[in-house]
Amino acid sequence: MKLFSKFKLQGGRAGRILVHDQSRDGYLEWEMLARDLDMEIFGNACSWERPTLQAMSKEDVLRLAEELADEMKIRLEVTFSGESAAVFPKAWQAEHDRQFYESLGPESSTDLCKHPECQFGRISHSGLCRQHHFESINGRRYPVQ
Ligand SMILES: [Zn+2]
């Protein structure tokens, strides 16, 4: 058991998660979800309180959400200014990525990916190859290959 978790959950179906991150204290606003994800984090309502009161950046919220998903073994949805992203524990993320990548299907042997200098063929429902399509959706490269 971890005695000094950086997260302290408050509330039953919604509330705040208190965060102690290095020298800063703040909170995440959350609500339980009935859909296929477990919890929603409202990025625009998350804030640092100490040492200075300020809204959390999107980077801070996403980083903390990743650590929280990993620690609690839950799936999160993070919404920020109308955009939302799903966050999984790392082990689940790898499986989720693999399933998504596999679902993209084969690359064309005749039509090239439209990404500059890419030599792979495009997949059937995109102008891009599997790796570049994955990257355009997830904002990062598929971690294998
Ligand atoms: Zn490509």
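**Figure 1. Helix α1 and its span.** At 1.5 Å a residue, helix α1 (residues 58-72), with its 15 residues, should span 21 Å, and the 21 Å that separates its end C-alpha atoms agrees with this. The expected span is 1.5 Å times one less than the number of residues in the helix, and helices (H or I, at least four residues) and strands (E, at least two) are DSSP runs numbered from the N terminus. The model is predicted, so that local features need pLDDT of at least 70 and side-chain atom pairs count only at pLDDT 80 or more, whereas totals for chains, interfaces and linings use all residues. Residues are numbered from 1 along each chain as its sequence is written.

**Figure 2. The buried side of α1.** In α1 the buried residues are V61, L64, A65, L68 and A69. They lie on the same side of α1, because they cover an arc of only 140° around the axis, the arc being that of the directions from the helix axis to the C-beta atoms. An α-helix has 3.6 residues a turn, so residues three or four places apart point the same way. A residue is called buried if 20 or more other C-beta atoms lie within 10 Å of its own, exposed if 12 or fewer do, and partly exposed in between, with C-beta atoms placed from the backbone. The partners against which the buried residues of α1 pack are the strands β1 (7-9), β2 (14-21), β3 (24-32), β4 (39-42), β7 (76-80) and β8 (83-87); two residues are in contact if their C-beta atoms, placed from the backbone, lie within 7 Å.

**Figure 3. E71 and the end of α1.** E71 has its place in helix α1, and it counts as partly exposed because it has 13 C-beta neighbours inside 10 Å. Leaving aside residues up to four places away in sequence, E71 touches S5 and F7. R141 is 70 residues from E71 along the chain, and the C-alpha atoms of the two are separated by 24 Å. Just after α1, K73 takes a positive phi of about 55°.

**Figure 4. Strand β5 and its partners.** Strand β5 (residues 47-50) runs antiparallel to β3 and is joined to β3 by three bridges, with W48 of β5 as the bridge partner of G26. Strand β6 (residues 54-55) also pairs with β5 in the antiparallel sense, over two bridges, and here A55 of β6 is the bridge partner of S47. Strands count as paired if DSSP finds at least two bridges between them.

**Figure 5. Helix α3 and its surroundings.** Within helix α3 (residues 130-138), the residues R130, H132, H133 and F134 are buried. The buried residues of α3 pack against α2 (90-103), β9 (107-112) and β10 (121-123). Just after α3, G139 takes a positive phi of about 75°.

**Figure 6. The two domains.** The protein is divided into domain 1 (7-90) and domain 2 (104-138), with bounds that come from an automatic or database domain assignment. Their C-alpha centres lie 34 Å apart. Across the protein there are three helices and 10 strands. The radius of gyration of the protein is 19 Å, well over the 15 Å that the globule rule gives for 145 residues, so the protein is more spread out than a compact globule; this radius is taken over C-alpha atoms, and the rule is 2.2 Å times the number of residues to the power 0.38.
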